[in-house]
Amino acid sequence: MNATSPQFLIYNASAGSGKTFTLVKNYLKILLGSNNTDTFKQVLAITFTNKAVAEMKTRVVSNLEEFASKACLEEPSDMFTALATELNLDNITLHTRASKVLERILHNYAFFDIVTIDKFNHRLLRTFAFDLKLPSNFEVALDTDMILQQAVDNLVYQAGNEELLTKTLIDFALEKADDDKSWDITRDLNQIGKLLMNEVHLEHIHELGDRSLKDFADLTRQIKKLRNTLRDEIIKKGEEVLALLHKNNLDARCFSRGTLYNHFKKISQGELDKLYENKLEDSLSENKSLYPKSVSEDIATTIDGLVSVLYETFLAIKKQVYHLDFLDNFYKNLVPLSLLNAINQELEKLKEQENILLISDFNEIISKAIANQPAPFIYERIGEKYKHYFADEFQDTSEMQWKNIQPLIANALESESLAGKKGSLLIVGDAKQAIYRWRGGKAEQFIELYNCHNPFQVEKQVENLPKNYRSYTEVVNFNNSFFRHVSQHLNKPEYRDLFETKSHQETNQKKGGYVSLTFLEKETSDNEAYCEATLETIKSVQAKGYSLKDICILTRKKKEGLAIAHFLSEHNIPIISSESLLLKNDIRIDFIINLMQFSVVPENKETQVRLLHYLAQKKEVSNQHGYIIEGLKDFNSFLSGEGFSSNEFSELPLLNAISYAISSFKLNNSSDAYLQYFLDVILEFNQQNSGSITDFLAYWEKKKDVLSIIAPEGLNAIQLMTVHKSKGLEFPVVIYPFAHSNIYEEIDPKIWYPLNEDIFGIKTALLSKNKKMASYSELGEALYTDDHTKLELDQFNVLYVALTRAVKELHIITRKDLSRNGEESLSYFSGLFINFLKSTGKWSDEQCYYSFGTTDEALSEKVSAENNHPVIPFNVHATYQSSLKLVTKAGSLWETHQQEAIERGNLYHNLLAEIKYASQLEEVIQEGLLTGILREEEQEMVKHQLKRLMEHPILEPYYSHEYTILNEREIYTSDGKSLRPDRIVIKHQKVILIDYKTGSMSNRYINQLNTYANALISIGYEVEKKLIVFIDKEVEIIEV
């Protein structure tokens, strides 16, 4: 940089504030600030995506090209004028330098180092491969999920050979089955294995050291013993308190609502759930409201005399109860944790066998082996010496990534060349757009850096980019007001400050703009209502003159996007989304995959039906049913009539076989991106694998949800994407439906909890995050609070990214989520919107639509029919069930009684889930045979058993049309948990709950049924009966 530029400069860049413009301008200042045309070789610019790299490189080169043109001297651009002023150069000198620098870059493009952090790390690892004992020709595995799944499968295949591993896996499967979860443990093992890929968890995983399954088995027994002992102690104390009360002639009637007495009675009976959700502790500590005024003076005096003892015992038991909950939590997570090392060993074997290095390993390897090396040594090895560094999107930088590159940056900043010149560092980021914590991004790192922290021995300068150049005035003003107001609901001061003082932006010259909020009634705000509201918004936007390509629909979750995509497709609205571009959603590729499945299992009638159905549609057969029935009579002869030989298809090499199928069935009437890319996928698969059809089908099952084509430019179609994918993008019109997300919703969150190693033998435990953690200890409270406030920030950031993508119009569709007394819940986005409107005085309980600004003409003209590009057809095949995996059955459960029990239980559950009324039994049995979940030899036995169940005197009425039946229907509780009872039988708001079980009775089943009942009661139902139905040789019914 020039003499007046700071060495260490940080830009705090809010959405749309010209971040890329600022980066490029500062980059060009270095390149054009001297006569040295090779200065670009001393500059390293790091960002996070290939798209960002391409954009920045394009901007740099295009600006240099513009500066080098004579036209720029006659009409200089804003960038040219700004650089000439800041560098104190005349236009001719700047023009000449730009021409020379551009020529040098184009002739030495390999030294033009604007790269992703992963690419730079890859270069370091290649350079230090020998030192790190890595093979010099290692391959980088980008698909870490697929490698992990392979490692997990390999581990499970070992079951049956190693006794302890087999027992661990079987116990885990049975425990899941008892909890009414799928016994297929591979999903859980994949989930726990992902900890190995995330640097946030690596430190704790390393602390586990080389502990074996035996070590963890011993720990499991120790925890189990501690739990049982502690539980007995708690119950004993409860009994002692009851005995003390009885000794003093006190019973439940002596206490207000019987609360204190019933509290200790529950403890004496071992009922320890929800003991501390009332105000009994306050009453004991203040000695008030413990007994009603109607009790005698003697009783009151007796209770007053016992208060101190009761309070002391209350606190002692409370501490023990929460410690018991900690042990339960610890125990629940021990089995998957114990398998981490085993999974890691399988990963290491795979990496060695296939000569690969996971991209997720880069940061850790560099941190261990390179980061502590002196910078000159590293420079010498990689052959370059960078003096100037640029770091884009710093809020997404992980802690390890930042620490790894600090030695190089420090050397550049704190040393100088022979000419007396020093290096520089420019960092750009926005903590409000940090939405990638789940992959290591740490917003707090950037917050600390621009506030007080400085890891270098040079002075830093922090500047804000104050103006929003993206959005029109009304959009900017709305976001300024909204986020300043809702910032008060962030609990951590540092996070609150982000939105209270650092989110306000100046407006630009774009006057106007429009923001709308639509509130759907809570009772009717299902997927269809959101879809209909979205369609109405699209129509109103089109009426103003906007093209479909001007509109982007953002959703928080993929399933919400899929619902919108399906609905719009049914209404002939063309869209481009990650789902619409997936190969699996092209009907011809689906046909080819079915053809491959047929070649592997030719007797599968279901596959034959799917193939015939496609051909019937392709030929526009009027009687499709008859066409399919005729084809099934002799399917191979039918295929021969189509010019296709299944034998020839099976014998050909994979790529040739697919080309043969495409030709035989005339699937390629015109040049097609889907088929071409599918062939590319097969070619790439062939180069790295055996090339058999069976292996490709297994590969397809793992990859089909990510393999997609790239959308052609210029299509006049609505873009549909998740908020995360929209980051860094902008659109003339943004529609944000389903804007009611629960801020505190998480899927099985985990927290590492420090332990006393002398007691437990390990330094940290992996616990499931829940509110009770805050009561484990002061440390537990601190860990829970810290994680909770981070979750708040992450969700606010997602909302900020969503609302700042719009250029001219922003349409938010949420729901009117109010309590009976008209209060909004601030745990939901919908509640934040309502709270904001109330603060402006605009809110009315009768009003469902609010707007800011005035609607006017569109930014762009309508696309004419002549210029409209063809749209990629969209066919939704929404399948949410996991694909069939045989790995656990084949490995851990062959030839065991557990297998029979689990399979029988799953079979009955699957069939009964489809039966609402007794009349459907035969239909469901036939469907089970057709889909393969029921074997023919089992048919009569299963039918007999289910018939006995449905004709049981107690159960028979509940399989009649007299009742409304809900099978496997999800219930969401007030704290965000999801419950799924087997069968809910309803009549006049009265409910009978039925839960199917196999095996023996357990208290857990009773608790589970009670939980279902409480959830239904909380939403207005009256629960008449709660039945546990055991399906075994005899049908046994237990009423709870």
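How are H22 and H23 oriented to each other, oblique or parallel? They are oblique to each other, an angle class that takes in whatever is not under 35 degrees (roughly parallel), over 145 (roughly antiparallel) or 65 to 115 (roughly perpendicular). The structure is a predicted model, in which local features need pLDDT of at least 70 and side-chain atom pairs count only at pLDDT 80 or more, while totals for chains, interfaces and linings use all residues. Residues are numbered from 1 along each chain as its sequence is written, and side-chain values use heavy atoms, with hydrogens and water left out.

**Figure 1. The crossing of helices H22 and H23.** Helix H22 spans residues 527–543 and helix H23 spans residues 558–570; helices (H or I, at least four residues) and strands (E, at least two) are DSSP runs, numbered from the N terminus. Their axes come within 10 Å and cross at roughly 60°. Axes here are lines fitted to C-alpha atoms, for helices over the stretch in contact, and angles run from 0 to 180 degrees between N-to-C directions. The crossing is right-handed, meaning that the near helix is turned clockwise from the far one by less than a right angle. On the H22 side, the residues that meet H23 include Tyr530, Leu535 and Ile538. Their partners in H23 are Ala563, Ile564, Phe567 and Leu568; contact means heavy atoms within 4.5 Å.

**Figure 2. The largest nonpolar core.** This core has 81 residues. A nonpolar core is a set of buried Ala, Val, Leu, Ile, Met, Phe, Trp, Tyr and Cys residues joined through side-chain atoms within 4.5 Å. Buried means under 20% relative accessible area, exposed over 50%, and partly exposed in between (1.4 Å probe, protein chains only). Ile427, Phe478, Phe482, Leu803 and Phe833 touch the most other members. Helix H34 (residues 778–803) gives the most to the core, with eight residues. The core lies between domain 1 (8–132 + 361–465) and domain 4 (477–579 + 717–853), because both give residues to it; domain bounds come from an automatic or database domain assignment. Leaving out residues up to four places away in sequence, Phe482 touches Leu799, Leu803, Leu832, Phe833 and Phe836.

**Figure 3. Leucine 912 and its contacts.** Leucine 912 is in helix H37 (residues 897–914). Its relative accessibility is 0%, so leucine 912 counts as buried. Residues up to four places away in sequence aside, leucine 912 touches Leu946, Leu949, Tyr959, Asn967, Tyr996 and Ile1031. Valine 924 is twelve residues from leucine 912 in sequence, and their C-alpha atoms are 8.6 Å apart.

**Figure 4. Two loop residues with positive phi.** Most residues other than glycine have a negative phi. Arginine 257 has a phi near 55° and lies in the loop between helix H11 (213–247) and helix H12 (259–268). Phenylalanine 738 has a positive phi of about 55° and sits in the loop between strand E13 (731–736) and strand E14 (750–754). Arginine 257 counts as exposed, at 76% relative accessibility, whereas phenylalanine 738 is buried, at 2%.

**Figure 5. Asparagine 451 in helix H19.** Helix H19 covers residues 443–451 and contains asparagine 451. This residue is partly exposed, with a relative accessible area of 44%. Apart from neighbours within four places in sequence, asparagine 451 is in contact with Lys460 and Lys502. Valine 462 is eleven residues from asparagine 451 in sequence and 8.6 Å from it in space, C-alpha to C-alpha.
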